[in-house]
Amino acid sequence: MAFQKVNAPFQKLSSAALDAWRTIPPAVASDCLNRTQAMSAAIKPVSTGITLCGQARTVTAMAGDCGSICELIGVAEAGEVIVVDAGGVEDTAVWGGIMTAEAAHRKLGGAVVFGAIRDIEEVRQLQFNMFCKAIVPRGPHHGFGGIIDGAISMAGAVVHPGDIVLGNDDGVVIVPLERAEEILAAAQEHLDKEKAWLDGIRSGQTIQQMFKMQTSASR
């Protein structure tokens, strides 16, 4: 079965714009999106300390099939992040070591897989920025079909090609591209507020005082 490719052109962000996003933690971005667009806790990095910041390229894969993912790895541009909706299947990997080697060679920004991967030591050795739901040794089939660059909804977040993918040890957040400027400005303002809160703590204020929380009534 041939893969379906959606014609979904998007604005490519400049290096300067992406550098600005690299300063924004996923948690802050989600806060500025009214606590939305955070992927579920099932999506975890394969190693501590890795980060994601790049524009999404999307794949909807058949369960246990890697063909459409391989196709996208071969055409995605440096810095882009492959986001794979593999249906959350945990018992068959749709990504492995050879795919990681090509993605790393092509300097892709990383990948997020709502499903399973394998060859985890190779992924770690290549220091590839990989997030996934599960790790399992059973490998995939390929060539049964799938959709490339279509809109997807996975693990609690909606993802379109070109959206900004942010990831760290907390998990993954998706920022809609059409809201990028608005959310970046809000996130930078939020970081300034957090710095003021930390300065307040160092000067002896309590969280209750700074946030004007209601205290328990005296008895």
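Helices (H or I, at least four residues) and strands (E, at least two) are DSSP runs, numbered from the N terminus.

## Basis of the model

This is a predicted model, in which local features need pLDDT of at least 70 and side-chain atom pairs count only at pLDDT 80 or more, while totals for chains, interfaces and linings use all residues. Residues are numbered from 1 along each chain as its sequence is written, and side-chain values use heavy atoms, with hydrogens and water left out.

## Salt bridges

Side chains of opposite charge can pair when their charged atoms come close. A salt bridge here is a side-chain nitrogen of Lys or Arg within 4 Å of a carboxyl oxygen of Asp or Glu. The structure holds 12 salt bridges. One of them links R118 and D119, whose closest N and O atoms are 3.9 Å apart. R118 is partly exposed at 29% relative accessibility, and D119 is partly exposed with a relative accessible area of 31%.

Two further pairs lie within helices. An α-helix has 3.6 residues a turn, so residues three or four places apart point the same way. In helix α5 (residues 120-125), R124 and E121 are 3 residues apart, or about one helical turn. Their side chains form a salt bridge, with 3.2 Å from N to O. R124 is partly exposed at 35% relative accessibility, and E121 is partly exposed at 47%. In helix α6 (residues 180-202), R202 and D199 are likewise 3 residues apart, about one turn of the helix. The closest N and O atoms of the R202 and D199 salt bridge are 3.3 Å apart. R202 is exposed, with a relative accessible area of 64%, while D199 is partly exposed at 36%. Elsewhere, salt bridges that share partners join R57, E80 and D149 into one network.

## A nonpolar patch

L198, I201, I207, F211 and M213 make a nonpolar surface patch of about 450 Å². Patches are made of residues with over 30% relative accessible area and no salt bridge; like charges are joined within 9 Å, and nonpolar side chains (Val, Leu, Ile, Met, Phe, Trp, Tyr) within 5 Å. Accessible areas come from the Shrake-Rupley method with a 1.4 Å probe, and for residues only the protein chains shown count as cover.

Helices α6 and α7 (207-211) each supply at least two residues of this patch. L198 is in helix α6 and is partly exposed, with a relative accessible area of 44%.

In strand β4 (residues 81-85), 5 of the 5 residues are buried. In a regular strand the side chains alternate between the two faces of the sheet. Both faces of β4 are covered, with V81, V83 and D85 on one side and I82 and V84 on the other.

Two strands pair if DSSP finds at least two bridges between them. Strand β3 (residues 52-61) runs parallel to β4, and 5 bridges join them. D85 of β4 is the bridge partner of T60. The chain passes from β3 through helix α3 (residues 67-73) to β4 in a right-handed β-α-β crossover. A crossover is right-handed if, with the strands pointing away from the viewer, the path from the first strand over the helix to the second runs clockwise. Strand β5 (residues 110-117) also pairs with β4 in the parallel sense, over 5 bridges, and V81 stands opposite G110 in β5.

## Helix α4

Helix α4 (residues 97-105) makes a right-handed β-α-β unit with β4 and β5. Its buried residues are G97, M99, T100 and A103. Seen down the axis of α4, these buried residues fall within an arc of 155 degrees, so they line one face of the helix. The arc is that of the directions from the helix axis to the C-beta atoms. The face of α4 turned away from the buried side carries the exposed residues I98 and H105.

## Strand β10

Strand β10 (residues 164-168) is largely enclosed by the rest of the structure, because 5 of its 5 residues are buried. I164, L166 and N168 point one way, and V165 and G167 point the other way.

β3 and β10 run antiparallel and are joined by 4 bridges, with L166 of β10 as the bridge partner of C53. β10 is also antiparallel to strand β11 (residues 171-175), with 5 bridges between them. N168 has G171 in β11 as its bridge partner, and a hairpin joins β10 to β11 through 2 residues.

Technical notes: Buried means under 20% relative accessible area, exposed over 50%, partly exposed in between (1.4 Å probe, protein chains only).
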